[in-house]
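Please keep the sequence and the model at hand while reading.

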There are 2 protein chains.
Amino acid sequence: MDQDPPPGEHLLRMLTALASPHRLRIVAALAEGRSYVSQLARRLEMNRPLLYMHLQRLEAAGLVVGELETARDGSSVKYFEVVPFALALTPQVIAEAVPTLEVAEPGAAGRTRNGPASGGSGEDTST
Amino acid sequence: MDQDPPPGEHLLRMLTALASPHRLRIVAALAEGRSYVSQLARRLEMNRPLLYMHLQRLEAAGLVVGELETARDGSSVKYFEVVPFALALTPQVIAEAVPTLEVAEPGAAGRTRNGPASGGSGEDTST
DNA sequence: CCCCCCTGTCAGATGAGACTGACACCCCCG
DNA sequence: CGGGGGTGTCAGTCTCATCTGACAGGGGGG
């Protein structure tokens, strides 16, 4: 089940996951130590369902991991902790990752939005 | 003139600027060499106004710079090129940048949602 | 003169994500 | 039994970024 997500897709996923003040704050909070959903919701003063969604997004991007622990008393508590990721973001990295981005999805929805594109004017390869 | 944008704000701006397949593609294209708007629009097969907006966003984040050059014949061409940025993205960096994020809109919204102090509930410092 | 290439900006339609309140369910404690 | 956490999920609303077509210029060349 461990497929290879193209670098471009993964990069985009990480960026979209982090491009949100709430999610940045969540990561920062988890960087100080693991916590469970309800507690974190109180700490950050946000609704549980909302926090839940953000956590799922972060987890989908591989930035945090959640584990449902069952205490001895039987109560279930879902702990989250941050993954020690390290992403060097440079134009070079982006340039190498982009070619693996899926261009657009034809097929489904009948939007055959074919573009005549340019009229073939001066496409030069000048520096 | 040269004010200090808080690290958190700047970080968020860069992330939101890059969290878009189109903008990633633009950066990748510019990484191969400078280009002007119309040419880039043809190359990436997107509308000029749209590309224009994305370029402004990238420029606002300080990831690219645009310069309006006037050729000898008087025609104006706006060239863009990528800025050699290098951002190391780690939980640590985020944790340090987040405290400088503006919490929310001040003034309005009298949500004095002050925590009734969750009492002595389970605010544990467990690891 | 008309045609072509370029920049810059806008009102408006569209869609995706953010956000809320409520629900079903579990388990312990008084 | 009732109350108090905790998780997981849902339908619905609402805001905002995105995307499009069109416009108003500036300037060169056949």
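Predicted model: local features only at pLDDT ≥ 70, side-chain atom pairs only at ≥ 80, totals over all residues.

**Contact between chain A and chain B**

Between chain A and chain B there are two residue pairs in polar contact, both at pLDDT 80 or more, while the count of salt bridges between these chains is zero.

*Extent of the contact*

- Chain A brings 40 residues to the contact, and chain B likewise brings 40 residues.
- About 3,200 Å² of area is buried between chain A and chain B, and carbon and sulfur atoms account for 68% of this area.
- On the side of chain A, the residues that lose the most area to chain B are A:Leu24, A:Leu89 and A:Pro91, which together make up 17% of what that side buries.

*The side of chain A that touches chain B*

- Two or more residues each are given to this side by α1 (7-18), α2 (21-31), α3, β3, β4 (87-89) and α5 (91-97) of chain A.
- Among these elements, α2(A) gives the most to the side that touches chain B, contributing six residues.
- Sorted by class, the side of chain A that touches chain B holds 26 nonpolar residues, along with seven polar and seven charged ones.

*Strand pairing across the chains*

- Strand β4(A) is joined by three bridges to strand β4 of chain B, residues 87-89, and the two strands run antiparallel.
- Within this pairing, A:Ala88 stands opposite B:Ala88 of β4(B).

*Residues and atoms involved*

- There are 20 residues around DNA strand D, of which A:Tyr36, A:Ser38, A:Arg42, B:Arg23 and B:Asp73 come nearest.
- Of the atoms of DNA strand D within 4 Å of the protein, 86% are sugar or phosphate atoms, and the rest belong to bases.
- The residues of this surface divide by class into seven nonpolar, six polar and seven charged.

*Approaches to phosphate oxygens*

- In chain B, a polar side-chain atom of B:His22 lies 3.3 Å from a phosphate oxygen of DNA strand D.

*Contributing elements*

- The elements giving two or more residues to the surface near DNA strand D are α3 (37-44), α4 (48-60) and β3 (76-82) of chain A, together with α2 (21-31) and α4 (48-60) of chain B.
- The largest share of that surface comes from α4(B), which supplies four residues.

Notes: Residues numbered from 1 in each chain as written. Chains lettered and ligands numbered in written order. Heavy atoms only, no water. Near = heavy atom within 4 Å. Polar contact = N/O pair within 3.5 Å; in protein donor to acceptor, adjacent residues only side chain to side chain. Nonpolar A, V, L, I, M, F, W, Y, C, P; charged D, E, K, R; others polar. Contact = heavy atoms within 4.5 Å. Buried area = accessible area lost by both parts, 1.4 Å probe. Salt bridge = Lys/Arg side-chain N within 4 Å of Asp/Glu carboxyl O. Pairing = 2+ DSSP bridges.
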